[in-house]
Amino acid sequence: MTSCADIWLAASLIAHDFIPAHFWHQQYANLCEKYLSQSDIYLATYNEQIVGFAATTNPNTIAALFVHPSYWHSGVGQALLSDVLKQKPRLQLTVYAKNRQAINFYLKQGFNKLTEQICPYTDETEWIMTTA
C-alpha cells in the first residue's frame, strides 16, 4: 500500500526536478513527523489505495497537496482541493516558482499570487498564493 509520504516523494522528485533528489530523500522523515502527524489530512483513494492527499495546518494553510504521478491530470488534485475548500474556503499555500504545472493548477482553481519569498532550505523562489 502506498503511503502519503511515498506519494509525496514520488511526486516531489518529478515536479521539483530543479532541486537535487537527495534533498527530498532527506526530508522524508521530516514530512512524516512535521506535516502529516500535525495536519488535517484529506485522502483521495482509488480501488482502496491512496492516490493523493492534502494536508492542512492552522485554519487556512495547505501544507501539502500531492497526487501520485500515475494519477496526474485525472482530476484527483482538483477533487482534493475542492474537498478542502468546502471546509476552509480561505486558503493560502506556498509553491516553488519553477513548478509551473502546480502554479497553473492553482491559478485555474482560483488562487492568486500574493507575494514571493526565498525558501530557506533550497534557496529557490516560492510563490505564496491565496484564495482571498
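**View A. Tyr-46 is partly exposed, with a relative accessibility of 48%.** Tyr-71 falls into the partly exposed class as well, at a relative accessible area of 28%; in this scheme, buried stands for under 20% relative accessible area, exposed for over 50%, and partly exposed for what lies in between, computed with a 1.4 Å probe on protein chains only. The model is predicted, with local features requiring pLDDT of at least 70 and side-chain atom pairs counting only at pLDDT 80 or more, while totals for chains, interfaces and linings use all residues. Residues are numbered from 1 along each chain as its sequence is written, and side-chain values rest on heavy atoms, with hydrogens and water left out.

**View B. Eight aromatic pairs are found in the structure.** Between the rings of Trp-8 and Trp-24 the centres are 5.7 Å apart and the planes stand at 70 degrees, which makes the pair edge-to-face. A tilted aromatic pair is formed by Tyr-46 and Tyr-71, at 5.9 Å centre to centre with 55 degrees between the planes. Because Tyr-46 sits in strand 1 and Tyr-71 in the loop between strand 3 and helix 3, this pair ties together parts that are 25 residues apart in sequence. Rings of Phe, Tyr and Trp (its six-membered ring) pair if their centres lie within 6.5 Å, and planes under 30 degrees apart count as stacked, over 60 as edge-to-face, and the rest as tilted. One aromatic cluster is made up of Trp-8, Phe-18, Phe-23, Trp-24 and Tyr-96.

**View C. His-16 occupies the loop between helix 1 and helix 2.** With a relative accessible area of 6%, His-16 is buried. Leaving out residues up to four places away in sequence, His-16 touches Ala-11, Trp-24, Phe-66, Tyr-96 and Asn-99, where a contact means heavy atoms within 4.5 Å.

**View D. The largest nonpolar core comprises 21 residues, and those with the most contacts inside it are Ile-62, Leu-81, Leu-93, Val-95, Tyr-106, Phe-111 and Met-129.** At least two residues of this core come from each of strand 1 (40-46), strand 2 (49-57), strand 3 (61-67), helix 3 (76-87), strand 4 (92-96), helix 4 (100-108) and strand 6 (125-130). The most is given by helix 3, with four residues. Another core lies apart from this one and has 18 residues, including Ile-7, Ala-11, Ile-50 and Phe-53. A nonpolar core is here a set of buried Ala, Val, Leu, Ile, Met, Phe, Trp, Tyr and Cys residues joined through side-chain atoms within 4.5 Å. In soluble globular proteins, nonpolar side chains tend to be buried together. Setting aside neighbours within four places in sequence, Phe-111 has contacts with Ile-62, Leu-81, Leu-91, Leu-93, Tyr-106, Met-129, Thr-130 and Thr-131.

**View E. An open sheet of six strands has the order 1-2-3-4-6-5, with mixed pairing.** At its edges are strand 1 and strand 5 (112-118), each of which pairs on one side only. From one strand to the next, the twist averages 30 degrees. Strand 2 and strand 3 are paired antiparallel over six bridges, and Ala-55 has Ala-64 of strand 3 as its bridge partner; two strands pair if DSSP finds at least two bridges between them. Helix 3 lies across strand 1, strand 2 and strand 3, and runs at about 155 degrees to strand 3. Axes are lines fitted to C-alpha atoms, for helices over the stretch in contact, and angles between N-to-C directions run from 0 to 180 degrees.

**View F. Strand 5 and strand 6 run antiparallel and are joined by six bridges.** Asn-112 stands opposite Thr-130 of strand 6. In this hairpin, which has six residues between the strands, Asp-123 adopts a positive phi near 60 degrees.

View G. Along the sequence their pattern is α-α-β-β-β-α-β-α-β-β, with helices (H or I, at least four residues) and strands (E, at least two) taken as DSSP runs numbered from the N terminus. Of the 132 residues of the chain, 40% count as buried.
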